[in-house]
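The questions below take the labels one by one.

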Amino acid sequence: MNRRAVLDLPIRIVVVMAVLAASLPLVGSALEHNEEMTSAAALENQVGRITNAAATVYFSGEGSCRTVDLDIPAGCSISIGGSGGEAYSVRGIMGNKTVYTYYMDKPSVGFSDSAVLSGKCTVLVRCSDGGNGYPVIDVIA
């Protein structure tokens, strides 16, 4: 009986090692995906802070402003405004890929210039006259 237990132990160890070796890539992949999803959610939250401030200053009228403290995750950035239809958007970028885009449709207001933000920063969001009779939002980093 004791001899059988001694011979059976190495087989059990080999089986346990095989199961661990097969499951480690799955666990690593799950952890990596979880990290990406956490960064994407944090990025979406920061985009929401900018768009909420933009809507608030727009409804408060020309000359109103608000400061927003941002903490953008590492490896991510926020692109504000642009040309054409992108002037109404705020995009969350992870690496080289846009993972979240918010269009200012309620209220329908554009950003005066384009800006790219990353890391910890404080921005000033201000409503000003766009020169064509419609207000625009300035984001000053």
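What follows sets computed values against their definitions.

This is a predicted model, in which local features need pLDDT of at least 70 and side-chain atom pairs count only at pLDDT 80 or more, while totals for chains, interfaces and linings use all residues. Residues are numbered from 1 along each chain as its sequence is written, and side-chain values use heavy atoms, with hydrogens and water left out.

Q: What makes R126 and D138 a salt bridge?
A: The term requires a side-chain nitrogen of Lys or Arg within 4 Å of a carboxyl oxygen of Asp or Glu. Between the side chains of R126 and D138 the N to O distance is 3.5 Å, so the pair qualifies. R126 lies in strand β6 and D138 in strand β7, 12 residues apart, and the pair links distant parts of the chain.

Q: How many salt bridges does a search of the whole structure find?
A: The search finds 1.

Q: Is S128 buried or exposed?
A: S128, in strand β6, has a relative accessible area of 18% and is therefore buried.

Q: What makes the pair S128 and D138 a polar contact?
A: A polar contact is a pair of N or O atoms within 3.5 Å; within protein, one must be able to donate a hydrogen and the other to accept it, and residues adjacent in sequence count only if both atoms are side-chain atoms. The side chains of S128 and D138 meet at 2.7 Å, so the pair is a polar contact.

Q: How do you know that β1 and β6 pair?
A: Two strands pair if DSSP finds at least two bridges between them; strands are DSSP runs (E, at least two residues), numbered from the N terminus. β1 and β6 (residues 120–129) are joined by 7 bridges and run antiparallel, so they pair. R66 stands opposite V125 in β6.

Q: Why are β1 and β7 edge strands?
A: The open sheet has the order β1-β6-β7. β1 (65–71) and β7 (135–140) each have a single partner strand, so one side of each is left without a neighbour in the sheet.

Q: What makes β2 and β5 a pair?
A: β2 (residues 76–80) and β5 share 3 bridges in the antiparallel sense, so they meet the requirement. S79 stands opposite V116 in β5.

Note on methods. Helix = DSSP H or I, 4+ residues; strand = E, 2+ residues; numbered from the N terminus. Buried < 20%, exposed > 50% of the residue type's maximum accessible area, 1.4 Å probe, protein only.
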